[in-house]
Amino acid sequence: LVSFILYQSDLANNIRTLIYIFGDMLNSVGAAGKVFEYLDREPEVSTKGTLQPETLTGHIRFHNLSFSYPTRQERKVLQDISLELKPGTLTALVGPSGGGKSTCVSLLERFYQPQEGEILLDGQPLQSYQHHYLHRKVAMVGQEPVLFSGSIKDNIAYGLKDCSLEQIHEAARRANAHSFISQLEKGYETDVGERGNQLSGGEKQRIAIARALIREPQVLILDEVTSALDAESELKVQEALNSCRPQTLLVIAHRLKTIERAHQIIVIDEGRVLEQGTHKELMDRKGSYYKLRERLFTEEDTPQ
Ligand code: ATP
């Protein structure tokens, strides 16, 4: 009787396993269908631009731009945005969460096409530039830069066919990363570990800035790290930005302490530009920038 019961429970287990496998197979077929659907998609932004001028100053102008995401067309995420980023200047984009800062950057990178208005680069609409050319000239360093398992040197030179050690060092110097890299036992040959987990947030960002700078972009966009960097790291990233000029620099600033030296600060909320000016001008005006600072600093000072 005992062996019959054991046989029965084995049989039930096997049947259950088969049902699971069959369920997984059905899911896989569904997922494969989605992958093919994805691969067959037509790009939403046109890639037919041909302009590749030899010289570019990196002058950016958003002209009466309005935008809704394709998935929520009824809601305007940006409304009639006009702004200008001049070569050799640092602009900080600030504002409450969900206000539209990242969306501005996504449009600048041409992930989407605005429904109204346009973005001009050196006076020409973004879509008139050749796709790869544009991505070389407008570089983005995200909050969580992706570093690959491999040496720091390879991470900086990533994807470039011919680049000398001197160019790598020079990019690292401009990104304020050279001295910390040189102090590591294996220097530029140091393995950053899987996904760069052997480096601090600020070090990773500076390596990513070096990776962007070696491509000599004319416009550099940095999404500032939200999590607390130690004061020294924060200063080093800030110094890296200062030595980047004459590029046009745009920083999405989450922590307002770091952007007081920006040439202009643009406050965006609910998809509109509320204010723009220097730190001093905006502080004197006591408007939305002033209030945003007060609110953020009170939150930072409040013990959790
Ligand atoms: P944060 O400081 O939190 O990063 P943000 O100012 O960068 O915020 P955005 O990310 O630009 O704000 O978001 C603006 C609005 O657009 C938000 O209401 C957000 O929910 C919405 N949004 C962002 N990405 C998408 C998307 N891919 N599809 C639909 N709506 C989106």
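**An open sheet, a hairpin and a ligand site**

In this predicted model, four strands form an open sheet in the order β2-β1-β4-β5, with antiparallel pairing. The edges are taken by β2 (78-85) and β5 (124-125); each has a single partner strand, so one side of each is left without a neighbour in the sheet. Five bridges join β2 to strand β1 (residues 60-67), and this pair runs in the antiparallel sense. Within it, F62 stands opposite L83 of β2. Helix α2, spanning residues 101-108, packs on the sheet and touches β1, β2 and β4 (116-121). The direction of α2 makes about 115 degrees with that of β1.

Around the ligand are 14 residues, of which S97, G98, K101, S102 and T103 come nearest. By class, this shell comprises eight polar, four nonpolar and two charged residues. One lies 2.5 Å from an N or O atom in the T103 side chain, one is 2.8 Å from a backbone N or O atom of G98, and a polar side-chain atom of K101 is found 2.9 Å from a ligand oxygen. On its own the ligand has 640 Å² of accessible area, and the protein covers 67% of this.

Strand β9 (residues 264-269) pairs with strand β10 (residues 272-277) in the antiparallel sense, over five bridges. Here I265 stands opposite G277 in β10. Two residues lie between the strands of this hairpin, and E270 takes a positive phi near 45 degrees.

Methods:
Residues numbered from 1 in each chain as written. Predicted model: local features only at pLDDT ≥ 70, side-chain atom pairs only at ≥ 80, totals over all residues. Heavy atoms only, no water. Near = heavy atom within 4 Å. Polar contact = N/O pair within 3.5 Å; in protein donor to acceptor, adjacent residues only side chain to side chain. Areas by Shrake-Rupley, 256 points an atom, 1.4 Å probe, with all protein chains shown as cover. Nonpolar A, V, L, I, M, F, W, Y, C, P; charged D, E, K, R; others polar. Pairing = 2+ DSSP bridges. Contact = heavy atoms within 4.5 Å. Axes fitted to C-alpha atoms, helices over the stretch in contact; angles between N-to-C directions.
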